[in-house]
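I opened this notebook to record what I looked up in the structure. The entries follow the order in which I went through it.

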Protein chains: 2
Amino acid sequence: MPKELKHNIFYAQSGGVTPVINATARGIYDEFKKNRKSFGKLLIGKNGIAGALNEEIIDIEKENEKEIAKLIHTPGGAFGSCRIKLKDPKKDQQEFVKILEVFKKYNIGYFLYNGGGDSQDTTSKLSKFFKKNKIDIQCIGIPKTIDNDLPGTYACPGFGTVAKYIATSTLEASLDVSSMSKSSTKVFILEVMGRHAGWLAAASGVVKGKNNNSPQIILFPERKFDKKNFLRRTKESVNNDGFCVIVVSEGIKNKRGDFISSSSTKDSFGHAHLGGVAPVLANMVSGELGFKVHWAVADYLQRASRHIGSEADVQQAYDVGKQAIRFLISGISDVMVTVIKRKKNGCWSTGKIALEKVANREKKLPENFIGKDGFSITKACSKYIQSLIQGESYPPYVNGVPDYSKLKLKTIKKLK
Amino acid sequence: MPKELKHNIFYAQSGGVTPVINATARGIYDEFKKNRKSFGKLLIGKNGIAGALNEEIIDIEKENEKEIAKLIHTPGGAFGSCRIKLKDPKKDQQEFVKILEVFKKYNIGYFLYNGGGDSQDTTSKLSKFFKKNKIDIQCIGIPKTIDNDLPGTYACPGFGTVAKYIATSTLEASLDVSSMSKSSTKVFILEVMGRHAGWLAAASGVVKGKNNNSPQIILFPERKFDKKNFLRRTKESVNNDGFCVIVVSEGIKNKRGDFISSSSTKDSFGHAHLGGVAPVLANMVSGELGFKVHWAVADYLQRASRHIGSEADVQQAYDVGKQAIRFLISGISDVMVTVIKRKKNGCWSTGKIALEKVANREKKLPENFIGKDGFSITKACSKYIQSLIQGESYPPYVNGVPDYSKLKLKTIKKLK
């Protein structure tokens, strides 16, 4: 049921950013403008929920229209993101009380939070806290993660573009190592993101058979790393194809459950901060098989790769943003927007799922998406990924580099 | 003076490949077809000069025209490359004798070798050997190297595209770390290629000031690495800007002249095979300053990055290929094609330089291209790099990934 009008919206971006999270912000903005009379202001938290905790709030209508328009093709989180996990309200309510106080002060009637599993947890907890305190604030989660690991949705905006980047990079690097392999480099290893789920590593599999047999090996976190089997397969590939391209997920573990990567510090969510499995494998291949190896770690280059945007992905990110505003208008709350399927007109149909069902959960690669050999993807997986990497959405360029949005990010004066 | 007609041409690709070396092959092919009556066949060595040593030779006219056309937008070395340094003919003539024997057998009157400094050395040595043996084979070197370190030419085909990739990636990653910096990652380190010359690291400097102050630090191999100064600058950047983006050339050394990178094996040219300076710096920054750090090693991803081709670079690669054929027709020999400047019609004017003057030489960044602080580039450098990254030359896509050339590479029957 539509609620009392003229309350303000509070939107924020949370967790690791993506190449298309700003396209979601643009979708929210466009739909907000279309329904301008239904709402007060569209306020945006600077640096995610920290913007509420610190009262650092941006009024989007104070920004330049041209720069807002560029959000559709700008990577990163234009309003700043955060890695803040709210404390358990049963143990410490301080943050919740502060956020509620700020929301009341700024007449917030709608809360839109754009993030992955951890961020949906924040939205879910806040929603419950508001209810408990009988405060009518509609809470909507909006999906975003390059990891593609949120349950209840066909896909997560951000994944398609990074998948396109990884597939393309794997194909390109395979042509390079193929050229060099006769007298020089025989093995190329590409490390991609994906802590617990192998979606991004899987994306490389769509190019297999296109120009050559690469990637000959994909290492998924869903499979225990078996050194002997890995080295045998590497050697076989070099023997058969002349070279071997390996795509490895940062989060692979051995049989004892330890990460293969050399370093493991923790981020503020308590997750191990990984990176560096490629050089470990490179030394292994070089030392035990004697092949010359090259290796790359894509890290933020993949996550910010808006220059090779997937048109399907950009559209999806935009559509979930629009849908969030429509849910607010329909009086819907306590759900995350989901993606269902692509329509004939190119837009994505959307749905919803209870926040509780997505918070802190991870959707791994289904068993029928991993090949029997454990080093490849199935046709079903390839078909799925292809649906998300269709079309090229390029940013405009000025003087040879992309022309990305530059916002002022001036915060509004703090209210007393 | 034009020579006796109907001799065959022998072309080969050598050394580390580039995203546009195949555009040079396409330029050669197009100009060859335009002057079809002046020549016998256009024969191509499989895997560089190894194709002559092993008599593995491709007749390009046996390939599919459509796939040849795609060479303009295909990365890697489509005919295979090599890292083979011919022995000093004063000590061991065996390889030279073999090549001459093969060239005679296959009626080769023209030798086109496409590579960097080491490859120009091969061309130069062969040219002298042919002269000494009174064999009339015209020898032309064609420049190619992403390192941009060949002397006597305005630029080297391949550099512009990789420079565009690095500049764009630096800008994109800066937007990512900027979003995360408030509560998470504060430093991002990108390792790029460049053994002795900092051209590729310098390319990142063109985006400084565009959306933010990144890259705050560029580490050039032309400057000794000073840990104390580096850490001070990193800390200052985080204090001033909230985050710090560092672009580092793989080849940086300390005051004692040792590589900072952790591993150093050697390739067949005797060069140290580098990679892995980014994680060394990441541990340094994390350990000594306590900042959360992310790092990437672009490796082959940069060198094969044809998906973000610079139009200026692709045109340049194509034009040097065409010019090589024109030199053959004009009777010119013992020179490398050089690039002079871009013409109003978009094509590059070309010239020539004696092979002896380019073989085994490296052009480092000029002093007036590096900022006084040693961590930045000057306006002159920025202007130069911008001239090479202008325009976007995208490959066509099929099912979400680039449609790259796939040649049969069938070798012709060995003659007796």
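**Entry 1: conventions.** I took helices (H or I, at least four residues) and strands (E, at least two) as DSSP runs, numbered from the N terminus. The model is predicted: local features need pLDDT of at least 70, side-chain atom pairs count only at pLDDT 80 or more, and totals for chains, interfaces and linings use all residues. Residues are numbered from 1 along each chain as its sequence is written, and chains are lettered from A and ligands numbered from 1 in the order in which they are written.

**Entry 2: cis peptide bonds.** I looked up P215(B) and found it in the loop between helix 7 (199–203) and strand 7 (217–219) of chain B. The bond joining S214(B) to P215(B) is cis, with omega near -5°.

**Entry 3: positive phi.** Most residues other than glycine have a negative phi. K134(A), not a glycine, has a positive phi of about 55°, and I located K134(A) in the loop between helix 5 (117–132) and strand 5 (138–143) of chain A. For D334(A), also not a glycine, I read a positive phi of about 65°; D334(A) lies in the loop between helix 11 and strand 13 (335–342) of chain A. I then checked exposure by counting other C-beta atoms, placed from the backbone, within 10 Å (buried at 20 or more, exposed at 12 or fewer, partly exposed in between). K134(A) is exposed, with 6 such atoms, whereas D334(A) is partly exposed, with 18.

**Entry 4: the contact between chains.** I counted residues as in contact if their C-beta atoms, placed from the backbone, lie within 7 Å. Chain B gives 63 residues and chain A gives 63 residues. Helix 6 (159–180) of chain B is among the contributing elements, and gives the most to the side of chain B that touches chain A, with 13 residues. The same surface serves both copies, as 100% of the contact residues of chain B recur in chain A.

How values were computed. Contact = placed C-beta atoms within 7 Å.
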